[in-house]
Amino acid sequence: MRRLAILLLGAIAAASSPTAAIAHGVDLTVEPTQALRVQARYDSGQPMEDAAVAVYSPDNPAEPWLTGTTDDNGYFTFTPGDAAGDWAVQVRQAGHGEMVTVPVTASGRTETQLLTQSANLLSPLQKGLMIGAVFWGCIGTALFFSARRPPQGL
């Protein structure tokens with residue numbers, strides 16, 4: 001019984017830090033200057049260096065207008081063309097990625113309210129379901145190992 005209590009306390013401690021379970025989500029930040037500078041980072045804060053970048057213009061959102069890679073700090077800078085509208089910037093690396101939409105006006109300025117977006121943020125319901133699943137799995141594991149085994153040879 002003491003073993004079961006220790007396992008349950010360990011499971012509760014592990015489940016109480018859901019941020020450790022969020023691995024390699026992506027956070028994109030766009031800074032308006034004369035050009036647009038996109039910064040790509042994992043949720044851990046580590047920059048996405050040498051990640052593939054594709055920029056899509058509002059005139060042709062099906063094909064990339066510009067492609068490139070981020071620098072060692074996860075930055076990619078570009079100057080949008082003359083087309084006003086929603087420019088899309090997609091950053092991908094090793095199966096992780098995100099797309100951000102940057103509204104550009106006819107004068108070439110951006111609307112800063114919509115520039116920062118985060119990816120893979122979990123809702124409270126999702127976090128609760130993850131914690132519940134871990135807790136339920138720990139209980140099942142503890143019960144499995146605490147079950148009495150029949151004597152061998154019968």
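The model is predicted; local features need pLDDT of at least 70 and side-chain atom pairs count only at pLDDT 80 or more, whereas totals for chains, interfaces and linings use all residues. Residues are numbered from 1 along each chain as its sequence is written, and side-chain values use heavy atoms, with hydrogens and water left out. The mean pLDDT (the predictor's confidence in each residue, from 0 to 100) of the protein chain is 78, and 72% of the residues reach 70 or more. Among the elements, strand E3 (residues 52-56) has the highest mean pLDDT, 95, and strand E8 (residues 117-118) has the lowest, 44. Over residues 112-119 pLDDT stays under 50; for this stretch the model has 21 contacts (heavy atoms within 4.5 Å) beyond four places in sequence.

The protein chain contains two helices and eight strands, where helices (H or I, at least four residues) and strands (E, at least two) are DSSP runs numbered from the N terminus. Along the sequence the pattern is α-β-β-β-β-β-β-β-β-α. Of the contacts with a separation of 6 or more, 47% are accounted for by residues 24 or more positions apart. Buried residues make up 27% of the 154 residues; buried means under 20% relative accessible area, exposed over 50%, and partly exposed in between (1.4 Å probe, protein chains only).

The largest nonpolar core has 20 residues. Such a core is a set of buried Ala, Val, Leu, Ile, Met, Phe, Trp, Tyr and Cys residues joined through side-chain atoms within 4.5 Å. The residues with the most contacts inside this core are Leu28, Val38, Met48, Val55, Phe78, Val89 and Val91. Two or more residues are given to the core by each of strand E1 (26-32), strand E2 (36-42), E3, strand E5 (75-78), strand E6 (85-93) and strand E7 (96-104). The largest share, four residues, comes from E2. Because five of its seven residues are buried, E2 is largely enclosed by the rest of the structure.

Four strands form an open sheet in the order E4-E3-E6-E7, with antiparallel pairing; two strands pair if DSSP finds at least two bridges between them. Strand E4 (66-69) and E7 stand at the edges with a single partner strand each, so one side of each lacks a neighbour in the sheet. Direction ignored, neighbouring strands of this sheet are turned by 15° against each other on average, the axes being lines fitted to C-alpha atoms (for helices over the stretch in contact) and angles running from 0 to 180 degrees between N-to-C directions. E3 and E4 run antiparallel and are joined by four bridges, with alanine 52 opposite threonine 69 in E4.

Valine 55 is located in E3 and is buried, at 0% relative accessibility. Not counting residues up to four places away in sequence, valine 55 touches Pro64, Trp65, Leu66, Phe76, Phe78, Trp87, Ala88 and Val89. Beyond four places in sequence, the residues touched by alanine 88 are Ala54, Val55, Tyr56, Met99, Val100 and Thr101. Its C-alpha atom is separated by 5.0 Å from that of tyrosine 56, 32 residues apart along the chain.

E2 and E5 also pair in the antiparallel sense, over four bridges. Glutamine 39, found in E2, stands opposite tyrosine 75 in E5. At 15% relative accessibility, glutamine 39 counts as buried; contacts beyond four places in sequence are with Asp27, Leu28, Thr29, Asn73, Gly74 and Tyr75.

Positive phi values occur in residues other than glycine at aspartate 50, near 60°, and at alanine 94, near 50°. Aspartate 50 is placed in the loop between E2 and E3. Alanine 94 lies in the loop between E6 and E7 and is exposed, at 73% relative accessibility.
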